[in-house]
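Welcome, and please have a look at the structure below. The tour that follows takes in its cavities, some of its strands and a few of its aromatic rings.

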Amino acid sequence: MIARNLSPSRLRKLLAPFSFSTYTYTRPVSNSLLSSIIDPSSTSSYSQNPTKTLPFFFFAKPFCSEPVKKQSFPNLPVTRDGNYDEATEQTLPVCPGCGIQMQDVDAKQPGFYIQPSNKGPNYKKFKKLTPIVDESEISDSLKRGIANDIMDVERCESLETADHVFDKMRSQKPVVCSRCHSLRHYEKVKDPTVENLLPDFDFDHTVGRRLMSISGARTVVLMVVDASDFDGSFPRKVANMVSKIIDENARSWKEGKSGNIPRVVLVVTKIDLLPSSISPTRLEHWVRTRAREGGAGKVTSVHLVSAVRDWGVKTLVDDVVNFAGQRGHVWAVGAQNAGKSTLINSIGKIVGLKVTHVTEASVPGTTLGIVRMEGVLPGKAKLFDTPGLLHPHQISTRLTVEEQKLIRISKELRPRTYRIKAGHSVHIGGLMRLDFEESSLDSIYVTVWASPLLPLHMGKTDKADSIMEQHFGRQMQPPIGEGRVKELGKWVKKEIHVSGNTWDSSSMDVAVSGLGWFAIGLKGEAVLGVWTYDGVDVVVRNALLPQRSKYFEVAGFTVSEIVSKADRTQHRNAKKRKSISTSSTIPSSLSTLDADSSSDDSATVSNSSC
């Protein structure tokens, strides 16, 4: 009777003290609680479930007319096979954003999602919007002018599209896991501890064995590489494996046997980050040369694209459709954060898909399992997005999320050029150092191609160690914080010999995987020392961008927000130490004066007594 007479808000306040009470159960809660009491043997089938503690109000369901929802899915091992085979019946649904198997049982396990609640028919309809002619802040002159013609609510409601536009959007919007939801809306992983529960992605078992099949559908491999970190993001393992498969299957095909020869399409993404003055012909020749040296000797075609600006995507789609045919399988492979998911979403827009499902974010490792894209290619051809390959030789894999933001290149690269003499060094943050050790030349040109957020420093080599001790983690970031320097590993040196034949442009590049590169301009030979952390790849190659800046950088720190903030902190700490030392010296001087005055007083007393 009390529950019936009270309003819901008062009833909620009445039950609030009981919400802190807990109850431990060893079986799922269902509507048939009384049956378990009558028949105790019925609980044996649930003995494998772990015990959980629920708040008391969970059992206050008699106040609600809706039945208690049962667990939707059983507790199965997590796999990263995704939804590759549509014919295979899967127990759990697969997230269309990242390819992980979804479950709604445990929020601390991978693939957790929440089923969206059903919205009413009048949810976010146009008729719920306030007409512009009724808004008080609109002036009368504007209302008498064009306002009535711009917003005619009655006319909008008479259109069929106005009534159904939100319904169509709601029906087409896919349900994704909570991780994808957080990445899409907040650019971060919701619970980083869940990432440790994911099994390692076995590329050879999951994708490699399908690429090695000598029969079946035609195979096209989209090898996606980041233009701003070509050598660091180039999938050498995949390139060597596919080249071996091509050689073996081509030999079988020549002998009259079945042989599925994969077509390799090398896609260089993020070309919008390179200077617009670069020649496409020269860039394609440079890409083919580096790919051949990296193990991809059988490249069918090369495409330079920008998925963000849709540059070159239409030509890529036409090429892929031609290679795949009506029943082919197209695999997008590449390193983490190389831009595979962004490329696939751009392909979906080009072919006319209204909704793109693949989650894209700047966080490395966005895709967790194989994601099959429906309706992208004609006929029965299929496009698959695969998890990014982890390259431990990239320095970015050792950095925290905040440190990765500093090295991430998000705008068109701008050169920063030094003219240095022998015995001088250039630092890129606290991650890389270049020493000009010896040469017959008086000086060389060093151009830095890296994120503009990274602070630089040029000075004498004999003071480089003091720069590391005093400024790494402070003015020279990343790493952020003094303690992070030791966590990144051992600081090691690699000696490099470079040569060039002109002063007008850069001849050689010295690149660090996942960071950027030094472009060296010289006419002659020189010996350089490159310092970075142990295990990070250092690559010497022909210059990607031969141009340099018109204005030279000066010695010392470059002007950046990181350096300015570190300087302010250093001055503030020095001022505090100075004030503390001053305050500590004042009492000591006063005590000395007191001692002198007391001695004088005692002397006066003794004289008077005499």
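## The largest cavity

Let us begin with helix α10, which gives three residues to the lining of the largest cavity, the largest share. Helices here are DSSP runs of H or I with at least four residues, strands are runs of E with at least two, and both are numbered from the N terminus. A cavity is a set of points, on a 1 Å grid over the protein atoms alone, where a 1.4 Å probe fits but cannot get out, and its lining residues have an atom within 4 Å of a point. This is a predicted model, in which local features need pLDDT of at least 70 and side-chain atom pairs count only at pLDDT 80 or more, while totals for chains, interfaces and linings use all residues. Residues are numbered from 1 along each chain as its sequence is written, and side-chain values use heavy atoms, with hydrogens and water left out.

The largest cavity holds about 60 Å³ of space; a volume is the space filled by probe spheres set on the grid points, which are joined across faces, edges and corners. Around it are Ser228, Asp229, Phe230, Asp231, Gly232, Ala511, Val512, Ser513, Gly516, Trp517 and Arg541. Two or more lining residues come from each of α10 (230-233), β15 (508-512) and β16 (516-521). Four of the lining residues are nonpolar, four polar and three charged. In this grouping, Ala, Val, Leu, Ile, Met, Phe, Trp, Tyr, Cys and Pro are nonpolar, Asp, Glu, Lys and Arg are charged, and the others, Gly among them, are polar.

## The second largest cavity

Helix α13 (residues 313-324) supplies three of the residues, the largest share.

Six of its six residues are buried, so β16 is largely enclosed by the rest of the structure. Buried means under 20% relative accessible area, with a 1.4 Å probe and protein chains only. In a regular strand the side chains alternate between the two faces of the sheet. Here Gly516, Phe518 and Ile520 point one way, while Trp517, Ala519 and Gly521 point the other.

Strand β12 (residues 443-449) runs antiparallel to β16 and is joined to it by five bridges; strands pair if DSSP finds at least two bridges between them. In this pairing Trp449 stands opposite Trp517. β15 also pairs with β16 in the antiparallel sense, over five bridges, and Val510 has Phe518 as its bridge partner. Three residues lie between the strands of the β15 and β16 hairpin, where Gly514 takes a positive phi near 85 degrees.

## Aromatic rings and charges

Rings of Phe, Tyr and Trp (its six-membered ring) pair if their centres lie within 6.5 Å; planes under 30 degrees apart count as stacked, over 60 as edge-to-face and the rest as tilted. By this rule there are eight aromatic pairs. One of them joins Phe230 and Trp286 edge-to-face, at 5.4 Å centre to centre and 70 degrees between the planes. Phe230 belongs to helix α10 and Trp286 to helix α12 (residues 280-294), so the pair ties together parts that are 56 residues apart in sequence. Both residues are buried. Ring pairs also link Phe230, Phe234 and Trp286 into a cluster.

The Trp331 and Phe384 pair is stacked, because the ring centres are 4.5 Å apart and the planes are at 20 degrees. Trp331 is in strand β6 (residues 329-334) and Phe384 in strand β8 (residues 382-385), so this pair ties together parts 53 residues apart in sequence. Charges meet rings too: the charged end of Arg541 sits over the ring of Trp517, 5.1 Å from its centre. Arg548 lies over the face of Tyr445, at 3.9 Å from the ring centre. A charge sits over a ring if NZ of Lys or CZ of Arg is within 6 Å of the ring centre and within 35 degrees of the ring normal.

Conventions. On a 1 Å grid over the protein atoms alone, a cavity is a set of points where a 1.4 Å probe fits but cannot get out, and a pocket is an open set with protein on both sides within 12 Å along at least five of seven lines; lining residues have an atom within 4 Å of a point. Buried means under 20% relative accessible area, exposed over 50%, partly exposed in between (1.4 Å probe, protein chains only).
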